[in-house]
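Please open the model in your viewer and keep the selection panel at hand.

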Amino acid sequence: MKISISLLCLIGSFVGYGQRPVDLVYPHLDAANSRWFFFNSASRPFGMVNLSPDNEVNGAWNAGYRYKKDSIKCFSHIHAWQLSGIPVLPVSGEFKGHLGADVYGSSFSHDAEIVKPGYHKVVLDSYGITAELTSTTRVGFHQYTFPEAAESHILFDFSTFLGPTDTERGYVKKVNETEIEGFAIMGPTIRRPKSFKVYFVARFDQPFEQLRAWEKGKLKDFQGDLIEGEDIGAYVSFATKQNEKRKMKVAISYVNTNQARLNMDTELPHWDFEECVRESQEQWNEMLSRIKIEGGTEKEQRRFYTDLWHALQGRRIVSDVNGKYIDYTGERPKVGQIPLNENGEPKFNHHNSDSFWGAQWTLNTLWHLVYPEVTESFVNSMLLMYEDGGLIPRGPSGGNYTYVMTGAATTPFVSSAYLKGLRGFDAEKVYEGLRKNHFEAGMMSKAGYEHNTVKGGGVEYYINQGFVPHPLSERRYGFHQDGTTQTLEYAYQDFALAQMAQKLGKTDDYHLFISRAKNYRNLWNENLKVFWNRDKDGNWEAKPDLLRYDHGFEEGNAAQYRWWVPHDIKGLIDLYGGRKAFIDTLNTAFERAEKHDFVSGKAHDQELQEELRRVYINYGNQPSIETAFLFSYAGAPWLTQYWSRKVVNKVYSDLTPELGYSGDEDQGLMGSLAVLMKIGLFSVNGGTTDQPFYEIGSPVFDKVTISLNPDYYPGESFVIEAAGNNHDNIFVQAATLNNTKLKKAWLPHEELVKGGTLKLQMSNKPNKKWGKAEVLAPPSMSN
C-alpha cells in the first residue's frame, strides 16, 4: 500500500481533542445487538483473522460478542460472512472442555475489560486468567496471565456449532513441544452451500507438558500424536506460577497448514505482544487518518471514527500472504494463485464478502474516493472468481458463490470505479463478466441464495416484458423473489453497465442497456403514485397496502421503494407530475418517519417485528437510505440539508452498546453511509453517470480534510469548510469551490480529485434559492 507524504504528515497532527483517530474509536458501539460478523476488536483492516470473545456461539444472528451477556464461551479467530473457525480458551484447574462451551465458559465483567482497535483485554473470572488479544492480518496473537495452578490449559474446540456453521470434523497433530497444527471442516449453511476447511498452526512461546484430547464428550489419549474425527477437541496442559504469562500465536489459512505456517512466519516472526498491538494501531490510524475532521463535540468525533472503522471491516481477506487461495466454485476445491508483482508479492488480496446490495450509496462513494486501492483489490478479487467459476459474484463466502440478495449488485460498484478513473484491473474482462450477469444464467437469473436453479431472478421476463412479475411463480426458488424490487434494481444496474459500455466504446451495448434502464417506468402505477406489483399478464395487484413489508419489495415496502430510481430522479419527478408534487410527497414521508426516528426500531430484531416494519422511510436498512438527498434534484437542497442532519442526529449519533445503527450494519454499509452524511457528500446514483458527481449535504464538522491517494488522483487533498456550523446552523447560505461561486448543490468528481476547497457558509435559516433552478439540478438519465 502506497501512502502519500501529505497523508503521513496528517497522522498525529489532529487538533480538537488531542487524540489520534484510532484512539477515538468506540468498538462497543451497538455491541448489545451484535451479529456474528459485526463486532471487531483484535483485527486489522479487512483481516482474515478477526479475533474476539464470543458470548454466544450458535447462530449467525444473536451470536458472537453480545455486550449484555455475562459469560465468554471462547475466543474464535474468524467472524465473517458465513464463516467461522478455530475457537480457543485458556482455563485452569480441573479440565471441563469436553463438556461443552456452556460448561467450560467463564464469567467476566466489563469493568475489567479494555477494547480498542487491534486489542482486546478481558479477565476470565471463573479461572482467574487475564486474556489479551491482538493480531496481524492472518495471525491471532494471544497473551494469557495465569494464576498459580498445577494444571493450566489452552483448549481448541472442534465440537461446537460456531456462529453460522457447525463444525463437521476436526484434526489436530502435535508438531513438537511448542507447536500443534490441524484443521476444522466447517459445514455448509443455507447461504453457503459447500463445506470449507480452516487450517491452523498454533505456536507457544514455552513448551507445553502434555497434549490431550476429547471425542464425543469424553476425554481420550492421543494416538500417535494426532486425533481426527467428529466432535473432537484438543488441549495443551502445563503448570503455572502466579501471574505467569504464556503467549500463543495462531495462524490460519484456507489452503493448507504449510500456508498457515508461512503466514505466521512472514507476518509475526517475533514474540513482542506490545509491538504487535502498536503496529495494528498504527495501521488503523493510517487508514482512519485519511479523513481529518475538526470541530464538533468529542462524542461526534468518536462516533465518526467508529463509523469509518466499521467501513473498513467485515469483508475479509481470504488469500494467504503469498497469494495462494482456495476456489470452491467447482465440484472440488482447487488451489489458486493471485498474480505476483515484480517484487514477488500478490498484486491484490482475495476477499470474502457479504452482498454489495446498497453499496451504491455507501462503499461506492467512500472507498472509490478515499481508499481507491481497496476498491481495486475488491474488483480484482471479483474478477478472479469470474475466471475460476464463470460469474462475477455478489457475495462470495469461503470460495463459494452464495447468491446473496438480488440482481447484479456488483455492477454499479465496478462501473463507478471505472468511470472515476480507476484502471488497476482488466476492464474488458471485468465488463465481459458483468455483462454476463445481466442475462439468463447470470446473477440476474437468481433470487437470494438460489444455488441450483436460474429461475427466481425472472430476468427473461424483464428482458421480454420489461418487468419481473410478482408473484413470479407458485414456487419460491430463492429467498428474495420480489419482482418489483428486482425490476427497479435491474433497471439501475443496466444504466450503470451502459455507462461503462459507452466508455469502452461498446456503442451497441450502450444503447441496449440504456433502453433497458427505462424499464422502471413499466411498474409505475399512476393511480397509486408508487411502483407496484404486476402479474405475468400485466395486471396490477389488487387491494394495495403501501406499507406491507416484502411481497414484491425486498426488505422494504412500496412506500420506501417509490423513490428507488437512483439513475433517473428527473424521470421520477416527471412521473409525480412535477417538482412540487415530488417534494410534497417526499417531505410528508420524512415528517411521518420522524415520529419513529426514521427507523424500524432500534435494533435488527425489532425491525423483524411486523408492526415496526410499516414505515415510510427506514434508515436502519438499505432500500431508502438515499431519500434525504433527493430533494436537491427537485430544486430544494435546503430540505436535503434539513432532513439529512435530522437523520444523522437520530440514527447515527449515539455512542452506546445499545444504540448504533438501528438495524443491520451489513459489513460497513451503514458505517459508510454515516461517514458520507456527516462530511456532507453523497452520490444518489452511486457514481454511475458518464461524469460522476457528488451531491452536497450539511456537514456535521467545521472542517473536513480528505487526503487523496496520489497514485490515483492529481490533487493532494480536498477540504470542506463549513463556516458558522453548529447544531442550529445546518443550512447552506452560499458556497464557493476554490474561491469561485458555486450555484449548484453538487460538484463533479473530476473537480474534487484535483484538490481544493469547498467553502460553505452555514446559517440557521435556509436559502431556498440556492440550487433551485432546474438547470442547476444534478444530472439524471432523463436530462
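Which residues have the most contacts inside the largest nonpolar core? Bear in mind as you look that this is a predicted model. Select Ile291, Leu366, Trp367, Phe582, Phe590, Tyr619 and Tyr652, which are the residues with the most contacts inside that core, a set of 163 residues. Helix 12 supplies the largest share of this core, with 9 residues.

From that selection, keep phenylalanine 590 and display its surroundings. Once neighbours within four places in sequence are left aside, phenylalanine 590 is in contact with Phe598, Ile617, Tyr619, Thr627, Ala628, Phe631, Trp643 and Val647.

Next, select helix 10, which spans residues 427-437, and colour its buried residues, namely Ala427, Val430, Tyr431, Gly433, Leu434 and Asn437. Turn the view until you look down the axis of helix 10: the buried residues fall within an arc of 165 degrees, so they line one face of the helix.

The side chain of glutamate 428 in turn meets that of lysine 506 in a salt bridge, at 2.9 Å from N to O. This pair links distant parts of the chain, 78 residues apart, since lysine 506 sits in the loop between helix 12 (483-503) and helix 13 (507-516) while glutamate 428 belongs to helix 10. Both partners are partly exposed, lysine 506 with a relative accessible area of 24% and glutamate 428 with one of 41%.

Moving along to helix 13, select threonine 507, which is partly exposed at a relative accessible area of 48%. If you draw a distance from its C-alpha atom to that of asparagine 400, which is 107 residues away along the chain, the separation comes to 34 Å.

The last stops are other salt bridges, of which the model has 35 in total. Select arginine 35 and aspartate 666, whose closest N and O atoms are 3.2 Å apart in a salt bridge. This pair too joins distant parts of the chain, 631 residues apart: arginine 35 lies in the loop between helix 2 (21-24) and strand 1 (42-43), and aspartate 666 in the loop between helix 19 (637-651) and helix 20 (669-679). Is arginine 35 buried or exposed? Arginine 35 counts as buried, at 10% relative accessibility, and aspartate 666 is likewise buried, with a relative accessible area of 10%.

Finally, select glutamate 244 and arginine 246, which form a salt bridge with their closest N and O atoms 3.1 Å apart. Glutamate 244 is buried at 15% relative accessibility, and arginine 246 is buried at 8%.

Key: Residues numbered from 1 in each chain as written. Predicted model: local features only at pLDDT ≥ 70, side-chain atom pairs only at ≥ 80, totals over all residues. Heavy atoms only, no water. Salt bridge = Lys/Arg side-chain N within 4 Å of Asp/Glu carboxyl O. Helix = DSSP H or I, 4+ residues; strand = E, 2+ residues; numbered from the N terminus. Buried < 20%, exposed > 50% of the residue type's maximum accessible area, 1.4 Å probe, protein only. Arc of directions from axis to C-beta. Core = buried A, V, L, I, M, F, W, Y, C linked by side-chain atoms within 4.5 Å. Contact = heavy atoms within 4.5 Å.
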